[in-house]
Amino acid sequence: MSKRRVAYYYDPDVGSYTYGLGHPMKPHRIRMAHELISAYNMLDKMHILKPKRSSPETMTSFHTDEYVHFLSKVTPETAEELTFHGTRFLVGDDNPPFEGVFEFCSISAGGSIEAANRITSGAADIAINWAGGLHHAKKREASGFCYINDIVLGILELLRTYPRVLYIDIDCHHGDGVEEAFYTTDRVMTCSFHKYGEYFPGTGTQEDRGRGKGKGYAVNVPLKDGMTDESFQSIFEPIIAKILEVYQPSAVVLQCGADSLSGDKLGCFNISMQGHAHCVQFLRKYDIPLILLGGGGYTVKNVARAWAYETACALGIEDTIDPNLPWNEYFEWFGPRYRLEVATNNMEDQNLKDGSLDRVRITALEQLRELQSAPSVQVQDTPRESLGHHLGFEKERRGSRNELDERLAQHARLVYHLQESDSASSVTSDDESWDSDESSSSNRRQTRGTSRLRNGNVDRKRMSILNNHYYDIPVNEEGFEHYDINALGKTGKRRYFYSGARWDDRYQEIILGQSKPYGGGALADLMQKGGKDSDVAEMDDVDEDWDDMPIDP
Ligand SMILES: [Zn+2]
């Protein structure tokens, strides 16, 4: 096996954060993995880098300004108020507003972004960030222990250089946040292998294949309990080989969620450490630039084992390392066997029992063949237009934001600040103007209104990753309604919060959908009006430009 230049991103602080006593997500596992990697003397075989922490502005390449602003401010004490009584941003119990949550996110995201930059610069063949892989985070809401989607942010970096990026997800849970982010584009192909059926997040069937230009570029491989190494390999290899052939990605991002390992506290597969790492070995053989990210994984000693072993696989030294664990700071955690292995058990493989594994494989390969024969599929370099802007993610290239961008961002934060501090009535009415369809055309009502959580007619449920049960999002007594983070999948439209502000040439000034320059009074006026007059319709038109993209019928 030829040598690969490996860059390894690690911030020693990451293991110090805690989601709270008894919470299954333990950032400490990343430190344990690191100590094991260090004890195996792998650190001198790769570039060890401490990533720059991601700024809030960088996070808004994907997430909404108001959500990032919220995360940067929230504390355990202020969460109730800032989440509008648990109706926004952090819904349910899965994502606690723990002490330091924003720094934790900035470490996780910073690592994935820098890993992407390292790859695109050509300075590394494989880049690793075990603190990343938080695939459930949504544009404007935390989900499944994930707050900021470092994967989406990393892929957006890759797309500045590469025409096509393949995202592969072997976490036990569906990679819903990443799939949703790139659901309408063919520049990112997502492929998730996951448990499906009464299991968080409840999405990821083989019918979910992408929309519009992205149709066919989301691949889902729904699986059942008890997946073994053999079963997993028998479905992973042919599907990934076919994707690599058809799609020819410029880079691959592999989310190595370790809750697919046997014996995981929240997982339900029966895969060994070797079986899990086989995915890394398989991709390394292709010699395509590769990013390895962490993800789920709740039996911490096994997470540490798997990620240490997969680091060895990235280096190509896995055959040389001692199966007996070297002494390390957390040695006693690895008892009673103290070996570099994750044993399987005798649970039944439900995928073989009913023949579903074969059916799922056949369907996936058929879908990929269809994609191959589709006339629109041309594997050639696409122009490097700003995908982020196209999807409504990105305002400008990071680091070169122009004045308008800065002012828009400031404005968005100002509006949000007023939202927080203003009275309940204006909060409600102002939110209506951004997030409802009431003030706009019937067309918009039709396309977006169906997914709104209005009048209790639409989905206001979430599933908890802790117990895989659905729960209702609380109704805010003050009438501040929740919105649907999954609007894209149902309507084909993306909504991007950037407020109604826009540049006015006449005044060389930002205006708020009003015919006069932005001033102290304009915002207050708008909020008073509740976003329901003609000025607001104008706002909405501007908003359309920001966040909508054409979807094939
Ligand atoms: Zn998971």
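Start at Ser192, which stands opposite Asn220 in β6. This is a predicted model: local features need pLDDT of at least 70, side-chain atom pairs count only at pLDDT 80 or more, and totals for chains, interfaces and linings use all residues. Residues are numbered from 1 along each chain as its sequence is written.

Strand β5 (residues 188-195) pairs with β6 in the parallel sense over six bridges. Strands here are DSSP runs of E, at least two residues, and helices are runs of H or I, at least four, numbered from the N terminus. Two strands pair if DSSP finds at least two bridges between them.

Now look at β6 itself, residues 218-223. Six of its six residues are buried, so the strand is largely enclosed by the rest of the structure. Buried means 20 or more other C-beta atoms within 10 Å of a residue's own; exposed means 12 or fewer, partly exposed in between, with C-beta atoms placed from the backbone. In a regular strand the side chains alternate between the two faces of the sheet. Ala218, Asn220 and Pro222 point one way from β6, and Val219, Val221 and Leu223 point the other way.

Finally, Lys52 lies in the loop between β2 (47-49) and α2 (56-59). Lys52 is partly exposed, because 16 other C-beta atoms lie within 10 Å.
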